[in-house]
Amino acid sequence: MLSAGICRRFKPSLVNPLWTSRLSSTEVEHDDNPPFFEMVEKFAKGAEDIIVKKMVARDKKEKDMGKRFNKVKGVFDLIRPCNSVLHIAFPLRRDNGDFSTIFGWRAQHSHHRSPTKGGLRYSMDVSEDEVKALAALMSYKCAMVDVPFGGAKAGIRLDPSQYSERELEKITRRFTMELAKKGFVGPGIDVPAPDMGTGEREMSWMADSYAMTFGHGDINAYACCTGKPIPQGGIHGRTSATGRGIFYSIRSFINDADYCSQIKVTPGVSGKTFIVQGFGNVGLHSCRYLCRDGAKLIGVMEKDGSIWNEEEGIDPKELEDYKIENKTIVGFPKAVATDKNLLEEKCDILVPAAGEKQITTENAPRIQAKIIAEGANGPTTPLADKILQGRNILVIPDLFANAGGVTVSYFEWLKNLNHVSYGRLTFKYEKDSNYYLLDSVQRSLEAKFSSGQPGSIPINPSPEFNLRISGASEKDIVNSGLEYTMERSAKQIMRAVKEYDLGLDVRTAAYICALEKIYNVYISAGITF
């Protein structure tokens with residue numbers, strides 16, 4: 001049997017002068033197409049430069065200001081690089097008998113919290129730089145929404161449409177084994193999830209592979225990954241979680257009068273027009289929730305074509321059905337095909353939910369949206385971000401906007417560890433309590449106004465209460481927890497914006513919130529070695 005080729009890299013020393021000088025070079029400052037990981041580092045470094053004085057001032061134990069600064073700076077230098085990266089290569093015998101080599105990576109950015117958490121994507125664009133960047137984003141994303149995970153990411157360089165289901169299963173199961181052998185997967189170690197090109201099917205294969213081998217004696221084995229089907233320990237609401245989270249992030253800012261006045265839009269989602277780039281899982285569910293709240297979808301971009309209907313709008317459900325049947329959005333009968341770059345068309349809200357580096361200095365000056373909600377990871381380059389701020393365009397950054405997926409993954413992970421679905425222990429009790437409450441109110445009113453005659457003053461629950469009278473289902477609890485998480489995180493960002501007078505630089509505010517939380521974990525834990 002051919003063995004896997006494996007290369008593992010570890011985090012550099014606390015202060016790496018080569019890395020520091022690379023970040024501060026004028027070449028990076030003026031490059032609109034930096035490596036993805038370097039791009040994330042640059043965003044984080046910008047936030048660090050703002051909060052380092054606050055962290056230094058807060059450390060009262062050390063009297064020497066020089067030592068105090070070096071300690072704070074040293075911890076931040078510890079946060080930014082990737083802890084470790086695993087590169088895997090293994091053979092695949094295809095259905096036709098041919099051999100090919102499969103290349104994959106798993107990056108663990110930060111171990112300040114355990115386990116690490118991040119998706120597994122199948123794409124021809126996968127590279128070591130990409131998984132490192134996405135792992136770093138996951139660290140900041142988890143911290144931003146108070147999910148106690150470190151950041152990680154995995155990717156396999158392939159086009160899933162070019163492989164049969166049997167071949168994809170072999171690839172997924174072999175990759176899981178390679179991760180497990182090197183300590184890169186496990187309920188308390190590293191927990192993958194679906195990403196671009198993967199879904200419930202791949203997570204089911206991964207969970208089964210781990211549980212039947214390395215995790216065979218572990219009762220928590222199926223917590224080794226999230227985004228699984230319900231029969232495999234999945235959770236209701238996970239599939240739509242990222243899109244739903246994007247909707248909550250938009251609603252939080254568009255309902256704030258201060259932000260609306262800065263970008264010159266009326267408060268509220270209802271009546272707003274929006275365009276989506278990418279009609280996959282994230283784009284689809286973003287469209288669904290925005291449309292339910294009264295917004296109008298006027299344009300959709302996909303890799304094989306774009307469609308437009310400004311007058312009547314596009315129904316996301318009808319478009320989803322058409323895409324499932326035809327494998328494309330091109331030709332959708334209730335919209336017209338267009339060759340225009342819809343990123344630059346006039347709308348209130350733009351949701352880039354495809355790949356990274358879609359908004360650059362080349363097209364940022366022509367974007368007409370008032371709000372950009374980053375459904376994808378890293379869709380805006382640093383220089384483009386500055387252009388958008390200068391044009392009073394509100395960018396809701398990726399580390400907050402698309403954090404709904406990891407939030408509900410956290411709920412699924414907890415469900416797997418608890419071995420009980422949400423609501424099961426309280427469902428019947430809540431239902432009975434609500435009926436007892438209505439009965440108590442009715443009896444009290446009858447005793448006061450009708451001499452206690454039963455049935456003389458009927459109490460009928462309102463339609464809203466009637467929907468909840470039977471208690472909260474698992475999906476209700478998940479959606480409520482997600483909504484609360486996104487709203488609370490939005491308030492944290494808004495407070496940071498005001499504290500540091502950042503205007504519309506919401507991205508830096510989000511990085512500040514995330515970095516401060518990670519810094520607090522490191523500084524309280526101390527440096528052991």
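So, which residue just after α10 takes a positive phi? That's Gly294, with a phi of about 100 degrees.

Before we go on, a few ground rules. This is a predicted model, so local features need pLDDT of at least 70, side-chain atom pairs count only at pLDDT 80 or more, and totals for chains, interfaces and linings use all residues. Residues are numbered from 1 along each chain as its sequence is written, and side-chain values use heavy atoms, with hydrogens and water left out.

How confident was the predictor? pLDDT is its confidence in each residue, from 0 to 100. The protein averages 90, and 94% of the residues score at least 70. Over residues 1-28, though, the pLDDT is below 50, and beyond near neighbours in sequence that stretch has 56 contacts in the model, a contact being heavy atoms within 4.5 Å. Where pLDDT is low, the predicted coordinates should not be read in detail.

Back to helix α10. Helices here are DSSP runs of H or I with at least four residues, strands are runs of E with at least two, and both are numbered from the N terminus. Helix α10 covers residues 281-292, twelve residues in total. From first C-alpha to last it reaches 17 Å, close to the 16 Å expected at 1.5 Å a residue; the expected span is 1.5 Å times one less than the number of residues.

Which residues of α10 are buried? They are Val282, Gly283, Leu284, His285, Ser286, Cys287, Tyr289 and Leu290. Buried means under 20% relative accessible area, exposed over 50%, and partly exposed in between, using a 1.4 Å probe and protein chains only. What covers those buried residues includes α8 (241-254), β7 (273-277), β8 (296-302), α11 (316-326) and β11 (349-352).

Cys287 is buried at 0% relative accessible area, while Cys291 is partly exposed at 23%.

Now for the charged pairs. The structure holds 35 salt bridges, each one a side-chain nitrogen of Lys or Arg within 4 Å of a carboxyl oxygen of Asp or Glu. Let me show you some.

Take Glu344 and Arg366, whose closest N and O atoms are 3.0 Å apart. This pair links distant parts of the chain, 22 residues apart: Glu344 is in the loop between β10 (336-338) and β11, and Arg366 in the loop between β11 and β12 (371-373). Glu344 is buried at 16% relative accessibility, whereas Arg366 is partly exposed at 38%.

Next come Lys415 and Glu474, at 3.1 Å from N to O. Lys415 sits in helix α14 (residues 404-418) and Glu474 in helix α17 (residues 474-500), so this bridge ties together parts 59 residues apart in sequence. Both Lys415 and Glu474 are buried.

Asp432 and Lys428 also meet in a salt bridge, at 2.7 Å. They are four residues apart in helix α15 (residues 427-449), which means about one helical turn separates them. Asp432 is partly exposed at 26%, and Lys428 is exposed at 54%.

Last one: Glu48, Lys73, Asp77 and Arg80 are linked in a network of salt bridges. That's my tour, thanks!

Key. pLDDT is the predictor's confidence in each residue, from 0 to 100.
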